[in-house]
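Me: I have a model open on my screen and would like to learn how to read it. Could you walk me through a few features?

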Amino acid sequence: EDPELDFSTPAVIGLFSNVRFANYNVLEEPVVALMNNGSKLWIDSDNNGRWEVVQKKKQYTSKAITSYGGLESFIEGPVGTGSKVLYDNVYKQVITSIPGSGYVISYADSGTTLPIRSIVQPPETLRDQVNNSFGFDMALSPDSRWLVVTAPNASNISHNYIGEYNPTPGQQFVTGDIVSYEGKYWVAIRDSEGDGSTIDLGNDYWAPAAFVEASEAGSQLGAQNQGAIFIYERSGQIWNLVHSILSPTPTADEQFGYSVALGQNGSKYYLAVSAIGHQANKGRVYLYKYESGWQHDDAVFIEDEDSSLGDDDYFGYSLAMNRNATVLAVGAPQTFDETTENKGNVFVYQKNEQNIYNLVQSITAAELPFIDDSDSAGILGSGDQFGYSVAMDYSGSTLVIGCPEADLFNNDQGAVYIL
């Protein structure tokens, strides 16, 4: 059927039932927006004289956030509401961040309204340091037990990490100092002095450190945009703060917590946290696990294994993990390909029997199939940011990759790839 409708046809606003365009280049977005639910879009996408028919089907209804639990009275209006949104399928709640105001609010999915269930806040002692980024990203465990909230622009948060262990004779260590040694982290449980040898882990001076935690009276003052993450545990309808964690190597502009992903395998939980500013914006992803408590994973971090990443590649700009944490996807939207164009890249890691993530695939524009009769090399060009966002299904068999500057039909139109 060839619908009889053109721009001269009189129509009541909002009552379009059939719309026809020769191809996507001449598609009029206002007309498409006014199509009724159930109406049809007719388009000859590949100019072969045969119609492709797309039916508009409304599947969701809108629910507006109208209440902020009284926060309006002491914050300068909710700034950035919905910057990040999670849906809790266990307790049927909507969790939304308001990073400009420093809050995360959980709403009950009830009928046509969204009543408030709980308000999540950073520690009061760190409120000024989260620097308008609390809730920049969030992750919820599959069983809704854990909520991770990030603040990648958190600044000047003190801690006790003093760096790599220095065995210089006379080096003083005080109780609470945290050092790294042979890929692991250790905390001083007694005052001691270096003797010029390796760290003596068999005595009663040192104990394994779970991670670097924020400390109100830490010996190190922190740095600008060092970043932080906050782990909350559910108790009834309330989220209780359990840990305030900093990067294993807190440095200025590391932006630890830029992206997070959280999975669960039985009673164990696995967390990936990116720091895109690490080493001149090369980027790094840190790993944590929960068994009887949260701690660094045995593999403290992952990065591109062949060291092909360079400055400003932003490895970890986006993260995605399947439910049982066996597959991890890492987006790096500014990486260069073999043509020396920064088109972007997505690295896919799989966990082996030793719980180590190994790189199994590096997805670039050159590996994408032909799309709509167009060569992918012509669609993805320099600066198109392939890997800007990533998402993964329950099993880890389907990967969705965002590319906001892809030139599919128009310059910088953007595209989403499902692989």
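**Reading burial, strands and sheets**

Me: Where does Ala261 sit, and which residues does Ala261 touch?

Reply: Ala261 lies in strand S19, which covers residues 256–265. Leaving aside residues up to four places away in sequence, Ala261 touches Ala139, Tyr270, Leu271, Ala272, Leu319, Ala320 and Met321. Leu140 is 121 residues away from Ala261 in sequence, but their C-alpha atoms are 8.2 Å apart in space.

Me: How should I read the two faces of a strand?

Reply: Here is the general idea: side chains in a regular strand alternate between the two faces of the sheet. Now take strand S6, residues 103–108: six of its six residues are buried, so S6 is largely enclosed by the rest of the structure.

Me: Which strands are joined to S6 by bridges?

Reply: Strand S5 (residues 93–98) is antiparallel to S6 and joined to it by six bridges, with Ile98 opposite Tyr103. Strand S7 (residues 116–120) also runs antiparallel to S6, through four bridges, and there Ile105 stands opposite Ile119. Look at the hairpin of S5 and S6 too: four residues lie between the strands, and Gly102 has a positive phi near 80°.

Me: What is the strand order in the open sheet of four strands?

Reply: The order is S10-S12-S13-S15, and the pairing is mixed. S10 (161–164) and S15 (206–208) are the edge strands; each has a single partner strand, so one side of each lacks a neighbour in the sheet. From one strand to the next, the twist averages 30°. S10 and S12 (residues 178–181) run parallel and share three bridges, and Tyr161 has Ile178 as its bridge partner in S12.

Me: What about the chain as a whole, and how confident is the prediction?

Reply: The protein chain has three helices and 29 strands, and 47% of its 419 residues count as buried. Its mean pLDDT is 82, with 82% of residues at 70 or more. Over residues 1–14, though, the pLDDT is below 50, and this stretch has 17 contacts in the model beyond near neighbours in sequence.

Conventions
Residues are numbered from 1 along each chain as its sequence is written. Side-chain values use heavy atoms; hydrogens and water are left out. Two strands pair if DSSP finds at least two bridges between them. Helices (H or I, at least four residues) and strands (E, at least two) are DSSP runs, numbered from the N terminus. Axes are lines fitted to C-alpha atoms, for helices over the stretch in contact, and angles run from 0 to 180 degrees between N-to-C directions. Buried means under 20% relative accessible area, exposed over 50%, partly exposed in between (1.4 Å probe, protein chains only). pLDDT is the predictor's confidence in each residue, from 0 to 100. Contact means heavy atoms within 4.5 Å.
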